[in-house]
Each structure stands twice: as structure tokens, then as C-alpha cells.
Amino acid sequence: MQLSVIGCGYLGAVHAASMASLGHTVVGIDVDEAKIAKLSQGVAPFHEPGFTEILQAGIDSGRLTFSTDFAAAADADVHFIGVGTPQRKDGQGADLTYVDASVASLVPHLKAGSLIAGKSTVPVGTAARLAEIVAPTGAHLAWNPEFLREGFAVKDTVDPDRLVYGVADATRDEDVATLDAVYASILERETPRLVMDYATAELVKISANSFLATKISFINAMAEIAEVTGADVTQLADAIGYDARIGRKFLNAGVGFGGGCLPKDIRAFTARAEELGKGDSLAFLKEIDEINLRRRQRVVDLVVDSFDGSVFGKRVAVLGLAFKPDSDDIRDSPALDVAVRLKGLGAEVVAYDPEAIENARRLHPQLSYADSLDAALEGSEAVAVVTEWKQFRELDPAETAAKVARPVIFDGRNVLDPAAWRAAGWTYAGMGR
Ligand code: UDX
């Protein structure tokens, strides 16, 4: 099929290359000329395992192209909208500028019978509003949310847990058939495919992310209780996780969640519920947000306490800047926030991350960044592990002790073995353990 993908950020670029890998002819469109230039040359604008390979293969096959001109989308049977819906600068709600602009720019180029399939996470009610704008062109609109995780984006796109189609009653059969044709090779594997109305599809996505955020904040709340009772939250998570109804996944206590989705989605959902007169229903999400933000300060407090109340002039190695491992994404990153807060208290912060330094430096040039893990550790008086990259998880306690000036470590992700680190002479503190 002929497809267009509007927006070539994380979601859009991965979707475009993944659809080409399934055999479709795809044009990716973005207003950012630098991004389009990079992608056209087969260069990934972000770190994502497996993405460069399918990008390059798509370009080499001649089936994947990129453009800044919406006219290039004119021949497409399906137009996917994969632009960002960040938090509004003036509030908690979602900023729909990019979604609205994408649809407005597409309208003059839509052929009758083509389908716009929205993938971006939007407030409930958005698809119905956009459908009215699209209707006069004779094109249709569906909402087809994406559940990809960074670090697993390609796998999650070509081999998803489920496909969700939000469609209009009037054109239901036709639009379902169109999306089925796009995803034919995925459906062959009997991937669950759920057809529903617009509002339900929009809510599926935002409620899934809210549930995940709630799970993480739940275990972080348990960590807070563990901290005043001497309990160990990791053992607690293991024990409750064996109950299949609870499950062990997403019960890792630590510095909390960040990234381009979970934090802004729970805020946008709360804001939308308030608009709908149902603020009470989602009031708990504010609590989820607050628990999450408190955990960043907890790591900072632990570091400060270890210096008897002042980190001024103390050399602190901050290991990790990305919001999670295998990503260079620093959006709303708890790790970067910890580094910035410590620096704000006068610490001599030396930060290291295998992939995210370039992005972090652009946003926070005031921080010092080390070229290597060793350079960050050298002479440090405290070490804080705040993103669980493999190379940090595998640090050898004895070898690491020989590099630092003072063997004090804060395990902001509960990924180190406390007994092994203590045995090598370290003062160890985790989160809720
Ligand atoms: C998330 C959703 O998982 C995905 O389905 C959706 O499409 C987009 O948002 P992503 O932002 O890539 O994906 O990251 P995710 O793996 O969900 O992690 C989010 C944050 O939660 C990270 O900062 C991670 O470190 C943190 N986290 C995750 C925890 O603190 N504890 C956990 O147990 C799991």
C-alpha cells in the first residue's frame, strides 16, 4: 500500500520505517528540515536499537522516502499522524498544535476514500472534532493508538501486543478493512485486534499509560513506607508480584518514571477530566505525579545527608541522564533532574551517560559531563546510579572502590547487590530497601 506518516519524531519515524519493512511504500513527512535531511540519508535522529537497520533497508529498497512537502503524501491510501502532543506551556493539558496543523496541512492533498489514522496520544474528543474537518474532502478518519516503548520501539510496532482501531460508525467496515490491509502480516500471527469508537480508542491509550504510572507510583509509595520501617521494597515487590493478578512488571521502585509519555499523559488526562466535569475521577493521578516527583528529591536528600547536610563543593558522580536505559531521551528524565538539583545545591556534579550526554548538554550546559564512566568515577566523593544502564548494573564494587575518593553509593534504581557493595567497603543506600 501507499502510506504517509506525518511527524518523524520517535513515533512517526519508527512507524514509517516499520511499515516499509512490512512491504509498504511510505513517505515520512516532517516540517523539520534537518530531521528530514538526516532520515533521508539513513541517519537516525535518536538512539533506538534496530531502527537504523530498518531505516537503511527501507531507503535502499526505494520504498521509504522523506519530505518536508505535504504534497508528497497526495498518493497515499492511509496517512498516519504521529506528531507529538507535549504538555502545554501554560498548563497541564496536551498541546494539540501539531496534530491540528498536520490535519490542516493534509486536507488540501487528501484523495476521496483515503484514510487518516491518528496514532498520537490525544485528549478524548479530539478524533470526533478532526473527523468533521476531514469530512468535506471525502476522506475518512480513524484513531489507531500506538503503544510503543522506547528501546523496543521497532519490535512493539511490527509485533504489537494488540491493535486498536477507533472508527466512525458510518464508515466502520471500510476503514477496518483498510487498516487490516495495512497490518495484514501482523494480523496473520493472530495479534488481537479490537474495533471500537473514537472515544474508547483515545481512552485506551491514555488509561494504559495512567495505569502504568500508577503501578510505578504505588511501589514507590511502598518504598517511602519501607524507608521509615526498615522493610525492603524489592522483596515486597517480588512477593506481591507472584500474584498473577498483580504481576511483577512495572513494580521497580526507584527515582520514578519520566520520558515523553507517562508524565505528560497523566497530567493531560487529569486536565481533560476536569474539563469534562469529572476531575474527582482522576484526582488520584495528581497524587501519582507527586509521589513520582518526591522520589527524585529523595535521592538528592540521601546524597546531601551523607555529607552531613551540605554538598557544596563535593564531587558527585551522577551515573545516567536518560529517562531509562537504551535511550538517549532526556524528556522529563528523573536522572537529569537529580543531576540538576545537586548542581543547584553547589555540588561539583560530574555526569555520565552512554548515549544521552549530547542531548543533556544542549539543555543543561552548566553541568559537567565526563567522557567515560571511569572519568566520572575518578575522585568522586559520592556516586548516584539514576539510570540502570547495563554497564552501571555490572560495575565491580572492588574495582570501582579503587577509583573513587570516598566509597559511598546511592542506588536510585535498586539494581545493585547491597551485600556485595557493602562487602567491598562501600556505604550503600537504595530506594526503599
Ligand atoms: C511508555 C509506555 O510503556 C508505552 O506503552 C507508551 O506507548 C509510551 O510510554 P516509555 O515512555 O518508552 O513507554 O517508557 P517505559 O518503559 O514505560 O518507562 C517509563 C518510565 O518508567 C521510565 O522512566 C522508567 O525508568 C520508569 N519505570 C518503569 C520505573 O521507574 N519502574 C518500573 O518498574 C518501570
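What distance separates the centres of domain 1 and domain 2, taken over C-alpha atoms? The centres lie 31 Å apart. Domain 1 covers residues 2-195 and domain 2 covers residues 197-433, with bounds that come from an automatic or database domain assignment.

This is a predicted model, in which local features need pLDDT of at least 70 and side-chain atom pairs count only at pLDDT 80 or more, while totals for chains, interfaces and linings use all residues. Residues are numbered from 1 along each chain as its sequence is written, and side-chain values use heavy atoms, with hydrogens and water left out.

**The domain interface**

In total, 34 residues of domain 1 are in contact with 25 residues of domain 2, contact meaning heavy atoms within 4.5 Å. The two domains bury about 2,400 Å² between them, and 60% of this area is on carbon and sulfur atoms. Buried area is the accessible area (1.4 Å probe) that two parts lose on being put together, summed over both. Of the area that domain 1 buries against domain 2, His47, Val124 and Glu150 supply 30%, more than any other three residues.

Between the domains there are 15 residue pairs in polar contact, both residues being at pLDDT 80 or more. A polar contact is a pair of N or O atoms within 3.5 Å; within protein, one must be able to donate a hydrogen and the other to accept it, and residues adjacent in sequence count only if both atoms are side-chain atoms. On the side of domain 1 that touches domain 2, helix H5 (126-134), strand S6 (140-143) and strand S7 (163-166) each supply at least two residues. Helices (H or I, at least four residues) and strands (E, at least two) are DSSP runs, numbered from the N terminus. The largest share of that side, four residues, comes from H5.

Side chains of opposite charge can pair when their charged atoms come close. The rule requires a side-chain nitrogen of Lys or Arg within 4 Å of a carboxyl oxygen of Asp or Glu. By this rule the model has 30 salt bridges, and one is found across the interface of domain 1 and domain 2. Arg331 forms a salt bridge with Glu150, with the closest N and O atoms 3.2 Å apart. The pair links distant parts of the chain, 181 residues apart: Arg331 is in the loop between strand S9 (315-319) and helix H13 (334-344), and Glu150 is in the loop between S6 and helix H6 (153-158).

**The ligand surroundings**

| Residue | Protein atom | Distance to a ligand oxygen |
|---|---|---|
| Lys205 | side-chain N or O | 3.4 Å |
| Leu251 | polar backbone atom | 3.4 Å |
| Lys324 | side-chain N or O | 2.8 Å |
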